[in-house]
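My notes follow in the order I checked things.

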Amino acid sequence: MPLQTSLLPARIRAAVEGRDSAPVTIGRSGSRVWVFDDRVLKIERTGPAADREYELLLWLDGRAGAPRVLDFERADGKNYLLETRVPGVMTCDKEVLDDPAAVTHALAQGLITLRDIPAEGCPFDSRLALQLAHTRDRFKRGLIRQSDLSDEFLGRILNMPTPRLRRDARGTEDFPSVGSVLNWLERGRPAETPVFVHGDYCLPNVFMKSGRFSGMIDLGRAGIADVYMDIALCVRSMWYNFCFLHGMTRAEFQKYRAQLFEELEMQPDEKKMRYYIYLDELS
């Protein structure tokens, strides 16, 4: 559907009227996004998550390759966020996925860039106490279904026996319900090393240009948390794009998974990987 500029608030309309635009169809956030030559317009329902993204972008002020805010208006229950366009292409773009080593390199560079932002003074908290409280609240309100935890998918990503919601002998734990998974998350909270994280570090949110990291988008969940919040979701997204969508074998994928950790100069913590993927599946 073309952008109907006549329905936009006055300042936003003046900033985009007469410019060519294209809608963005990748993503599941529920927002509507249009890309122009040098700017992006994001429209979504007004609420804490949408407001947080605007405030985060102001705080980041272009750091970590984040977009800069050009203008912002609220009208008719919606947020209209006009921001600079991040250079390059998404790391899930067909143009770059033919070179998974370059994609992995760009992903690692982005993680390092985030990690280098000082956590001190950041007013946005994404640590487990708040994440788990939010997830428990959603569970009490019936907003999490058993189908929301994709057990087969998780098992393939982590390359280990995986807890199942179904009762069988393949898992290391036996989870008969979503509630039991949430209980496990609450009981097994790992220690956290606070850094600045993106919060949804997946390939459609990370951009690259000329073989290198060039920026990131959709920072509404960013804040202070453990680095594995980003690493776990990055590995999951790599598997989905490299293997599930483009047919890479499991053995090939392990090579790029290893490359990611080598560039991060870290050893994989499989327990934290599993923990943060399960948490995200319920969030």
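**Strand E3 and its partners.** I started with E3 and strand E5 (residues 78-84), which run antiparallel and are joined by seven bridges. Helices (H or I, at least four residues) and strands (E, at least two) are DSSP runs numbered from the N terminus, and two strands pair if DSSP finds at least two bridges between them. This is a predicted model, where local features need pLDDT of at least 70, side-chain atom pairs count only at pLDDT 80 or more, and totals for chains, interfaces and linings use all residues. Residues are numbered from 1 along each chain as its sequence is written, and side-chain values use heavy atoms, with hydrogens and water left out.

Three residues lie between E2 and E3, and the two strands form a hairpin.

I then checked how covered E3 is. Strand E3 (residues 39-45) has six of its seven residues buried; buried means under 20% relative accessible area, exposed over 50%, and partly exposed in between (1.4 Å probe, protein chains only).

**The whole sheet.** Which order do the strands take in the open sheet of five? I read it as E1-E2-E3-E5-E4, with antiparallel pairing. Strand E1 (22-23) and strand E4 (69-75) stand at the edges with a single partner strand each, so one side of each has no neighbour in the sheet. Helix H2 (residues 48-60) packs on the sheet and touches E3, E4 and E5. Its direction makes about 25 degrees with that of E5; axes are lines fitted to C-alpha atoms, for helices over the stretch in contact, and angles run from 0 to 180 degrees between N-to-C directions.

**Overall counts.** I noted 10 helices and 10 strands in the protein. Of its 283 residues, 52% count as buried. The protein exposes about 13900 Å², with carbon and sulfur atoms supplying 50% of it; these areas come from the Shrake-Rupley method with a 1.4 Å probe, and for residues only the protein chains shown count as cover. Among contacts (heavy atoms within 4.5 Å) with a separation of 6 or more, 70% are between residues 24 or more positions apart.

**Nonpolar cores.** A nonpolar core is a set of buried Ala, Val, Leu, Ile, Met, Phe, Trp, Tyr and Cys residues joined through side-chain atoms within 4.5 Å. In the largest one, of 72 residues, the members touching the most others are Leu-107, Leu-185, Phe-196, Ile-231, Met-238, Phe-242 and Leu-260. Helix H8 (residues 228-245) gives the most to this core, with 10 residues. A second, separate core has 11 residues, including Ile-12, Trp-34, Leu-41 and Ile-43.

I followed up Phe-196. Cys-122 itself is buried, at 14% relative accessibility.

**Cysteines.** How many disulfides are there? I counted zero, taking a disulfide as a pair of cysteine sulfur atoms within 2.5 Å. For Cys-92 the closest cysteine sulfur is in Cys-202, 8.0 Å away, which is too far for a bond. Cys-92 is buried, at 13% relative accessibility.

Most residues other than glycine have a negative phi, so I looked for exceptions. Ser-210 has a positive phi of about 55 degrees although it is not a glycine. Ser-210 lies in the loop between strand E8 (206-209) and strand E9 (212-216) and is exposed, with a relative accessible area of 73%. Glu-265 also has a positive phi, near 55 degrees. Glu-265 is in the loop between helix H9 (250-264) and helix H10 (270-282), and is exposed at a relative accessible area of 75%.

Leaving aside neighbours within four places in sequence, Arg-138 is in contact with Leu-143, Ile-144, Leu-282 and Ser-283.
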